[in-house]
Amino acid sequence: MINLPIFPIVIPALAAIFLLFAPKQVRLQRGVALGALLVTFIVTVLLIFTVSQDGIMTVDLGNWPAPFSITLVSDMLSALLVATSTLLVFFIVWFATHYFSDAYESNYVYVAMLFLLVGVNGAFTTGDIFNLFVFFEVFLISSYVLIVLGGKGVQLRESIKYLLVNIIASALFVMAVALIYGTVGTLSLADLAQKIPLVENQSVITVIGVFFVIVFGLKGALVPLHYWLPGSYVVAPTPILAMFGALLTKVGVYSILRTYTLLFDGGSAFMQNFLIILAVLTIVIGMIGAIAYNDVKLIIIYNIMIAVGVILYGIALNTQTSLEGALYYLIHDMLIKAALFMLVGMMIGITKSGQLRDMGGLITRFPLFGWTFFIAALSLAGIPPLSGFFGKLLIVQGGVEEGSLFGPLLILLSSLFVLFSVIKIFLYGFWGEEKRVYDGPLVPYVNRLIVPTFLLVAVAVAYGFGAEAMHPFITQAIEPLVQPEIYIDAVIKE
Amino acid sequence: MNRKNDQVNDVILQTAAVIIFFIIIVFSINLFFAGHYSPGGGFIGGLMTAAALVLLLLAFDSKTLANVLPFDYRKMTALGLVIAMLTSLHSIFWDRPFLTHAYDKFDLPLLGEQTLHTAIAFDLGVYLVVIGVTMTIIQTIGESE
């Protein structure tokens, strides 16, 4: 089936369009959204196996030959990320069906969630830089809807900030695309990769490269472009926050990975140093934020920044080992961040407070909940058999192989800070005395909410234990990043 | 055509609006069909149709407009998306890439032999989405106090 790469984009889009017709029928909304996501996930698994058998799949939309059409490219990297994000959204929507009230659900919330997945899957799959911009806008506009839905005062305030930052970032993105089109004269990623080495004035390319890092850094919350992230994310309802935290910043990271390895490689030491400095700063600021706060949501939000910095450090080194580590860590982090946001959202739902000092003793009443959190926390920190270990190990190894010690040591230190910040939540929230009788509106649903959360943590644990089985897929995903010729040859057929 | 606020007598505006409405609608349909060979297309056609509806909204009120043209503009947006999506999807049943369009010559009654292209169906989807979104925005803002 030559059209296989489009289905992870088209199926959620069709379901979302169908749901536009019946906003008030909540049961139908839930059923169709979950069904469509399950079908999409099955298709993505099929896609992974097809790509592992036959190599990179491309679809030239409209049947026009490659550099002239928009090409959708499913290499193993994009297939793995599309499968991960679809699985995540499936669990998050499952969680949301129990978490949201009926009135909230009848305001197109599932439509917006499905369109967000359309944008994310499209951004992971596209092989055209302007189409990447369009898919960015698809998921950003959905995220604007999701962040403001509910209409509380804080949501309105923070959504204005979020909107402003992202509109500026999008305008910069268009300017960067205009610059690269003016310099090279093409928009297809593969064609750009072919023609950029032929440009005489390579310093212009470096400037455009920095421009793109700023654009994607604004989306992916790199220091010093991160200032919008904590405030905007903390006001979103839990399932929405889980989607944002797991998917949105990671699309920025993926875009840096793709453009840096494909377009701006050229052995430029400047770009590498620039990215390493940004990564180190992001890790440091994330570490400070993660231990500074006693608000459970903010602790996890600053952990996003640490993870983004660690992944970016792996990308910046640009060796086989470090890229493998970055990809391992990227998938692990998407899974575990979504699970952690769901877990802390449940803590807030039960105790009706985000502050650690108002919590305590949750484990006596909700043992499964508590131990799920414990496993997720250890997994986030990278305790050996769990999923966060292999990624960080490979990134550290890649750093040492490059002869750098400061970066690897900082990453190991950051693991300690991560462990400290999440264990702090565990100790204060789950152990000790119950502060008062917990009777939040969510308490009757905890037994149902824990099921998707537990399954998501189980997937993350299986990902850690099955690292050996994942290895061939990861290696295949790295190939076109280390050798861009593989990507170019797959897209532009002579 | 009764207006709640009887103080204002804008018979000239209302009479002119009714005549101009049809001229704008015809112009917008002309723009819509011109798209393939000359400037125009679904986006500007849809915007122009919405402008004609806004003119009616200005001359009369939203209830009158809802009585004369009983459309649910949110469903119209969804219908436009369905049309655009199905037009893009039909090619995959012929084992061609997504978004591949097709055309053929047809002998139509009255019009004679004409070439029909599936791009027009995609444009029709765009046209409906643009009308639906514009009118939803204007009606939502107009009706909230």
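Helices here are DSSP runs of H or I with at least four residues, strands are runs of E with at least two, and both are numbered from the N terminus.

E158(A) is buried, with a relative accessible area of 5%, whereas K161(A) is partly exposed at 42%. Buried stands for under 20% relative accessible area, exposed for over 50%, and partly exposed for values in between (1.4 Å probe, protein chains only).

## Salt bridges between distant parts of chain A

Over all chains the structure holds nine salt bridges. One of them joins R30(A) and E105(A) at 2.8 Å, N to O. R30(A) belongs to helix α2 (residues 26-54) and E105(A) to helix α4 (residues 102-105), 75 residues apart. R30(A) counts as partly exposed at 22% relative accessibility, while E105(A) is buried at 0%. Shared partners join R30(A), D102(A) and E105(A) into one salt-bridge network.

The side chains of D75(A) and R258(A) also meet in a salt bridge, at 3.0 Å, N to O. D75(A) sits in the loop between β2 (71-74) and α3 (76-99), and R258(A) in helix α11 (residues 238-262), 183 residues apart. D75(A) and R258(A) are both buried.

## Interface of chains A and B

Contact (heavy atoms within 4.5 Å) involves 15 residues of chain B and 17 residues of chain A. The two chains bury about 1500 Å² between them, 78% of it on carbon and sulfur atoms; this buried area is the accessible area (1.4 Å probe) lost on being put together, summed over both parts. In chain B, M85(B), P97(B) and F98(B) lose the most area to chain A, together 32% of what that side buries.

## Aromatic pairs

A search of the whole structure gives 40 aromatic pairs over all chains, counted when ring centres of Phe, Tyr and Trp (its six-membered ring) lie within 6.5 Å; planes under 30 degrees apart are stacked, over 60 edge-to-face and the rest tilted. Ring pairs link F130(A), F133(A), F136(A), F139(A), F173(A), F212(A), F216(A) and F264(A) into a cluster.

## Conventions

Residues are numbered from 1 along each chain as its sequence is written, and chains are lettered from A and ligands numbered from 1 in the order in which they are written. Local features of the predicted model need pLDDT of at least 70, side-chain atom pairs count only at pLDDT 80 or more, and totals for chains, interfaces and linings use all residues, with side-chain values based on heavy atoms and with hydrogens and water left out.

Note on methods. A salt bridge is a side-chain nitrogen of Lys or Arg within 4 Å of a carboxyl oxygen of Asp or Glu.
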